[in-house]
Amino acid sequence: MPEWIPDVLGDEFSQLTLELAEDHEGPVVATLVRALPAKTGWWERLRGQRRLLDDVDVLYVHGWSDYFFQKRLARFWTARGARFFALDLRKYGRSLREGQTPGYITDLTAYDEDIEAALEAMGRGAEGTASARRLVLLGHSTGGLTLSLWASRHPGAADAVILNSPWLEFQVASVRPLITPVAGLQARLRPLEAAPQVDLGYYTRAQQEVADPSDPMDVNPLWRPAQTMAVYAGWFHAILAGHAKVAAGLSIPAPVCVLLSARSATPTRWSADLTSADTVLVVDDIAKAALKLGPSVTVERIDGALHDVFLSRHDAREEAYARMDRWVRGWAVTAQT
């Protein structure tokens, strides 16, 4: 049986390898990273004091060409009493094995196995509901799309969903219905054909330009390259299929909070403007698509934020954490009454 071992992040983090079913490239694993809250002192226990999120588990899923490395994000939750878990999906980050195509998948529902293995390791059962603890799903970009689709297919599993710039719609929404049939044909005939590299590395540069010394990041460039990993036809079609499902409307019964930059910028050439906008998604389209996730959706627009709002320049980063704190406090108090 795999055991929890110290994680590459050090400090209070540990990791667990989750064995999954093999695919055409051989053995497949996912990796669960854990950070636990400090134990309450005897005086707090004697007085019956509880932290706001003492009964909460958080499951985080990263975006495309990414993995989990944000210590502060974990500590936001553990400081409030929650147990924090982050999932490096199959063929990403800690879960990438030699000979595998990084990030490759042809159907987003395949990640159900990764998510359900994580929930079981968290002591919640594969469907996530076999626990008295509340579950918060937290996803960034493609991870936000993946978790949104999963939460809609598993009503009642999550108690809240928080999305950090979720990739809910193609960058040119009007052409998605036109290119989807072509992408589907290409995915069937040449699923591993790679698209030309269009990422000039400006998003990575923007993060480096606005890095906050008080919140240092140590990123593995093999797991999170300056230019994104290759985009393959099979994977691209899976993403478009996910976008189509969002556009048709999902049914997430839990309250949803979507954090977005206030504006987008096109990264065709470097400029300082790229350090205060989302250069990956068209945020206005994402804000509209978010309203189709379920009956209770809050959209928070953050001035000066990057695509990952928690990696923005100091002021925008602090605002992102403050907005999430406000929403979480409101949700937690309402859920307890």
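Two strands are said to pair if DSSP finds at least two bridges between them, and strands themselves, like helices, are DSSP runs numbered from the N terminus, with at least two residues (E) for a strand and at least four (H or I) for a helix.

## The central sheet

In this predicted model, strand β4 (residues 56-61) pairs with strand β6 (residues 134-140) in the parallel sense, over six bridges. Within that pairing, Val 61 has Gly 139 of β6 as its bridge partner. Helix α4 (residues 142-153) packs on the sheet, where it touches β4, β6 and β7 (160-164), and its direction makes about 140° with that of β6; such angles run from 0 to 180 degrees between N-to-C directions, the axes being lines fitted to C-alpha atoms, for helices over the stretch in contact. Helix α8 (residues 283-290) also packs on the sheet, touching β8 (256-261) and β9, with a direction at about 165° to that of β9. Contact here means heavy atoms within 4.5 Å.

The sheet as a whole is open and mixed in its pairing, with nine strands in the order β1-β2-β3-β5-β4-β6-β7-β8-β9. Its edges are β1 (5-6) and β9 (297-302), each of which has a single partner strand, so one side of each is left without a neighbour in the sheet.

## Overall form and basis of the values

The protein contains nine helices and nine strands. Its radius of gyration is 19 Å, close to the 20 Å that the globule rule gives for 337 residues, so the protein is as compact as a globular protein of that length; the radius is taken over C-alpha atoms, and the rule is 2.2 Å times the number of residues to the power 0.38. Of the 337 residues, 53% count as buried, a term that means under 20% relative accessible area, with exposed meaning over 50% and partly exposed in between (1.4 Å probe, protein chains only). Among contacts with a separation of 6 or more, 74% come from residues 24 or more positions apart.

Residues are numbered from 1 along each chain as its sequence is written, and side-chain values use heavy atoms, with hydrogens and water left out. Because the model is predicted, local features need pLDDT of at least 70 and side-chain atom pairs count only at pLDDT 80 or more, whereas totals for chains, interfaces and linings use all residues.

## Aromatic rings and charges

The structure holds 16 aromatic pairs, where rings of Phe, Tyr and Trp (its six-membered ring) pair if their centres lie within 6.5 Å, and planes under 30 degrees apart count as stacked, over 60 as edge-to-face and the rest as tilted. The rings of Phe 76 and Tyr 321 have centres 5.8 Å apart and planes at 35°, so this pair is tilted. Since Phe 76 lies in helix α2 (residues 71-78) and Tyr 321 in helix α9 (residues 314-336), the pair ties together parts that are 245 residues apart in sequence. Both Phe 76 and Tyr 321 are buried.

Phe 13, Tyr 60, Phe 68 and Phe 84 form one aromatic cluster. The charged end of Arg 134 sits over the ring of Trp 331, 4.7 Å from its centre, by the criterion that NZ of Lys or CZ of Arg is within 6 Å of the ring centre and within 35 degrees of the ring normal.

Leu 260 is placed in strand β8 and, at 0% relative accessibility, counts as buried.
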